[in-house]
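This report describes the fold elements, their packing and a few individual residues of one protein model. Please read it alongside the sequence and the coordinates.

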Amino acid sequence: MGKLSSTLWLILFVLPQQVLANSQFNMRKGVTDISNDVYQLHMTIFIICCVIGVIVFAVMFWALIHHRKSKGAKPAQFHESTKVEILWTAIPFVILIGMAIPATKTLIAMEDASKADLTIKITGSQWKWHYEYMGEDVEFYSMLATPQDEITNLANKNPNYLLEVDKPLVLPINQKVRFLMTSDDVIHSWWVPDFAVKKDANPGFINETWTRINEEGIYRGQCAELCGKDHGFMPVVVEAKSEQAFANWLSEAKQAKANAAIADAALLDQTLPKEELMTLGEQVYMASCAACHQPTGMGLPGVFPALKGSPVVLGDIKDHIDVVLHGRPGTAMQAFDKQLSIKQLAAVITYKRNAWGNDTGDVIQPSQIQAAIDATSEAK
């Protein structure tokens, strides 16, 4: 019995402590009340399962040893015993009820997105996230910021490889933040383990969830739904700030948007040189277009069309601008009118019409982009 007691102690108490001490082998506690509740629920059920396993196997091996044939044991006859059947039905039922009560409480809390202090609409698209602060006139796209050299193994990978973006989602701590999830194209899933938040973003539907962050910091996640060839290049980065720091950031974001509008207006009377547009256009293309059309402009046959020698790129400028601004419904071609500034749009279209041997000589100006945007607005 001494060895058996030592074994039980090891399994029931020492082993769980070792698991907790090595968090990479266990669920993380996270930085929200819900994530802590989920963690505690996970550990509670895990320990219950361990106890059940130990008891069942202990009884089984004890029976094998003490009731073996070599000791002259004869099997008892209790086939179709009502008492035994009631017992092995009642015990699991009580255990399941004991598990269901805390689980149900946690699940109900996870789904209660009412009385939020801030609402953010999250839209997934191949392969980026669009964040819109409802009622605040602030929105932006968040895209992978890992350098291409790291992806192609031409440079050493940094610790946050494929988990870094150009613009993180900024949230306040100690406030209830409601998320509205949807998608522009296919099913995505917004997942941040430290918040215990994972919710599908379905095209044509709006799902909701929420979080309340307790600690400042940077928290990372990913798209958790297979959404296409660049599914692994769609990270989520959240920067949690103090309430005052968040208010300051929100004010700065609004001012930056106003400044960008002023800068765009100033560009309308300017004629930008081709060299400047080509340099900027290549940067925009590599960040926003190369995932589908490839850095060489050759696309992926049967999936994404080539831009080298493309009838659209070599054809009428207005048609080319319209495709880039508004996309093509029913295809993977997205609308970039809200994703890029008029200078970036002019630059990337100029780049496409003069790269990879296209050599049209066309130089698109911001004023042409603005004219196309205004024409669309008037048509509506």
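The model is predicted, and local features need pLDDT of at least 70 while side-chain atom pairs count only at pLDDT 80 or more, whereas totals for chains, interfaces and linings use all residues. Residues are numbered from 1 along each chain as its sequence is written, and side-chain values use heavy atoms, with hydrogens and water left out. Helices (H or I, at least four residues) and strands (E, at least two) are DSSP runs, numbered from the N terminus.

**The two sheets**

Two strands are taken as paired if DSSP finds at least two bridges between them. Axes are lines fitted to C-alpha atoms, for helices over the stretch in contact, and angles run from 0 to 180 degrees between N-to-C directions; contact means heavy atoms within 4.5 Å. Within this sheet, Gly124 stands opposite Ser183 in S5.

The other open sheet has five strands in the order S4-S10-S9-S6-S7, again with mixed pairing. Here strand S4 (169-172) and S7 are the edge strands, each with a single partner strand, so one side of each lacks a neighbour in the sheet. The twist averages 25 degrees from one strand to the next. Leu171 stands opposite Ala240 in S10, and Val192 has Val197 in S7 as its bridge partner.

| Strand pair | Sense | Bridges |
|---|---|---|
| S1 (residues 118-125) and S5 (residues 177-183) | parallel | seven bridges |
| S4 and S10 (residues 235-241) | parallel | four bridges |
| S6 (residues 188-192) and S7 | antiparallel | five bridges |

S6 and S7 form a hairpin with four residues between them. Ala196, in the loop between these strands, has phi near 55 degrees, a positive value in a residue other than glycine. At 22% relative accessibility, Ala196 counts as partly exposed, given that buried means under 20% relative accessible area, exposed over 50%, and partly exposed in between (1.4 Å probe, protein chains only). In a regular strand the side chains alternate between the two faces of the sheet.

**A helix pair**

Helix H6 (residues 274-288) and helix H10 (residues 342-354) pack at an angle of about 95 degrees, with their axes 7 Å apart. That makes H6 roughly perpendicular to H10, since angles of 65 to 115 degrees count as roughly perpendicular, those under 35 as roughly parallel, those over 145 as roughly antiparallel and the rest as oblique. The contact includes Leu277, Leu280 and Tyr285 in H6, and Ala346, Val348 and Tyr351 in H10. Its residues divide into nine nonpolar, four polar and five charged, where Ala, Val, Leu, Ile, Met, Phe, Trp, Tyr, Cys and Pro count as nonpolar, Asp, Glu, Lys and Arg as charged, and the others, Gly among them, as polar.

**Individual residues**

Thr32 is found in the loop between helix H1 (2-21) and helix H2 (33-66) and is buried, with a relative accessible area of 1%. Not counting residues up to four places away in sequence, Thr32 touches Asp194, Phe195, Thr211, Arg212, Ile213 and Asn214. The peptide bond from Gln126 to Trp127 is cis, with omega near 0 degrees, and Trp127 lies in the loop between S1 and S2. Trp356, in the loop between H10 and helix H11 (366-379), has a positive phi of about 60 degrees although it is not a glycine; Trp356 is buried, at 18% relative accessible area.
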